[in-house]
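Let's explore this model together, one question at a time. Have the picture ready and follow along.

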Amino acid sequence: MKIEMFHLCPYRDLPEDFREQHHSVWVDVPRHLFDGEIANRTYNQTLDELKYAAEVGYDGICVNEHHQNAYGLMPSPNIMAAAMSRETEDVAIIVMGNSIALYDPPIRVAEEFAMLDCISGGRLVAGFPVGSAMDTAFGYGVNPATLREKYAEAEELILRAWEEDDVFAFDGKYTQLRYVNLWPRPLQKPRPPIWVPGAGSIETWNTCIEKGHLYAYLSYSGFKRGKQVMDGFWKVARAAGVDNPYHAGFLQLVCVADNEQELHDKYAAHTEYFFNKMLHIYPGFADPPGYRTIDTIRAGLMAQTTSFGRAGQEESTFDELRDAGNVVAGTPGQVADQLEQVINDLRIGHLMILNQFGSIPHDLAKENIRRTAQEVVPKLRHLWPEYEDHWWPQNAVVRDNIGAMPE
Amino acid sequence: MNERAIPVRNGRFEVDLLEGGSGDPLLFLHGVSGLEWTPLLERLSVGHTVIAPRTPGFGESTGTENLDDIHDLVFFYLDLLDQLGLHEIPLVGHSLGGMFAAELAATQPDRFSHVTLVSPFGLWDEANPVADLFSMALPDLARAMYANEKSEAAVAVATAPQARMTEVDPETETGQATIKYLVDRAKSMSTAAKYLWPIPNRGLAKRLHRVRQPGLVIWGECDGIVPPVYAEHFAAQITNATVHIVPDAAHMVVDEQPQIVAGLIDRLLSR
């Protein structure tokens, strides 16, 4: 079992009445709320927290890409990953990832990932997200109805650019290049492992199974909803003869304390900040026509599931969020037990943990990172010993069964 | 009125065609909300054979996957008109269909005897932006489309089901009807997005001067989707067109004031 720490690099200082006063945390979030001094602090604390997660025993550190929002301040996660490639020695550098449909030409992504792989010495995971509607359709103006086709073409180009030995010409619908000849090329051969973050589209399951990419279900609806999605993934996977849990990953918010009182005192307000402010997304930006395919819409309706966009809903409290499984909170023993159940129920070989989320301040984030890495993670590493992880960077550390590093 | 499906380009498209009335043919191109045999078409069919194709991607018309951009769409329509043997006909286009009509008339001016554009998309004025209809909440959309937000049609738009928040029971007939509605709407809106996303400007301003037939530019005074100021932008380039701003109407002026719109078209065609 591999356990990685995921960081969203959120803006931690939105006003108390953000939800009441403002339309959306994404796309048209007012720019007057942005303070460069706060961002300076936020970026540097985030980099410190990522580095600290590597030091205290996580297997990998994850960053991701978002645009025009206060939810996650990393339009270029590659910049963070470049810093981490230098600041860490052995952990996997997991970029979750670059929205490959947004780059023209997409070999820009092939080049930057190759640089990161070379700088880090072969520790890169290349994430290829389709990207949220807010980021892609509204932030970057891509027609949601062509996004997936553009994504597929970009993926084909990037993989060929990494893997083919000779200069080639690429005549695509969205990209035409007379000469494709990548310098640098990735250090890992033939290429870094590819992880695909998804939010429940059935097409993504099929793609991951067909192409052998890792499927990472990233949502904040918690493990109870996550089970529905992962059951769908495993149904498709098993039909294709795939059952290796390392083929799949899942994201979970986690906080650790010694007792209930301490949990509430330390984490309740910050968790509520995350769910009530960071996910205050105007629904019209979350699901434009064509973003979800007809098959996904039909399947969703047939299954009577509803999600997408929380704006306009009631505010949630810490206790409600724990009950619903949106956040796993407790003593180290309680958290380990609950996560083990999540890992087994969802059948995942990679668990991505958010220890800093919402407005959790730097010192508390570090405490949560340390306690999770040292008191929870070692209790989970023994899982799935009978399977091999084919989705781990060739030169990243393997700590399965080793336990936590000393303080 | 008669409805039939006809294959175009060796069956790559299968297009619904509504036809009704008698007399010389008149081509009508529908808008973003789709095609129905409305009171306007019924009224125009007195004295004309109204021919109204349903654009691929809307309803049961197939082949939208063969169309990537406005140029593909124009040549699709030219193929359809060749196949139907339609030449020197009056053309009426509303909303998205108004944009198509302007593009068609600019591409083959001799094909059309008269051109009527009703609240067309196709131009962009940064000071008066076209509404972002793809992200609007349904009650806002209803107010932008209709002058009277209490009208039956406006209420239907405001309260339509939405895929992301509608609970349906697929075991029931109503549930199946809702699923069909939502799937149809997703298809037609993503088809519209090909021509309108993220800004409804595909370079028409560079071609619009080629539209030189006698024509009309008709706008609902309260149009909250494409503001009425665009009527002047169109008329500035289409020199043989006259502008008519219709009161008590918005983007759906074709449905809100069908008698007025039909009367204007009748007068144009009798010139």
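Two strands pair if DSSP finds at least two bridges between them. Helices (H or I, at least four residues) and strands (E, at least two) are DSSP runs, numbered from the N terminus. This is a predicted model, in which local features need pLDDT of at least 70, side-chain atom pairs count only at pLDDT 80 or more, and totals for chains, interfaces and linings use all residues. Residues are numbered from 1 along each chain as its sequence is written, while chains are lettered from A and ligands numbered from 1 in the order in which they are written.

Q: Is β5(B) largely enclosed or left open by the rest of the structure?
A: A residue is buried if 20 or more other C-beta atoms, placed from the backbone, lie within 10 Å of its own, exposed if 12 or fewer, and partly exposed in between. Five of the six residues of β5(B) are buried, so this strand is largely enclosed.

Q: What is the handedness of the unit made by β5(B), α3(B) and β6(B)?
A: β5(B) and β6(B) pair in the parallel sense over six bridges, with B:Val92 opposite B:Thr116 in β6(B). A crossover is right-handed if, with the strands pointing away from the viewer, the path from the first strand over the helix to the second runs clockwise. This β-α-β unit is right-handed.

Q: Does B:Asp69 count as buried or exposed?
A: B:Asp69 sits in the loop between β4 and α2 (70–84) of chain B. It has 10 C-beta neighbours inside 10 Å, so B:Asp69 counts as exposed.

Q: How many residues does chain B bring to the contact with chain A?
A: Two residues are in contact if their C-beta atoms, placed from the backbone, lie within 7 Å. Chain A gives 20 residues, and the number from chain B is 21.
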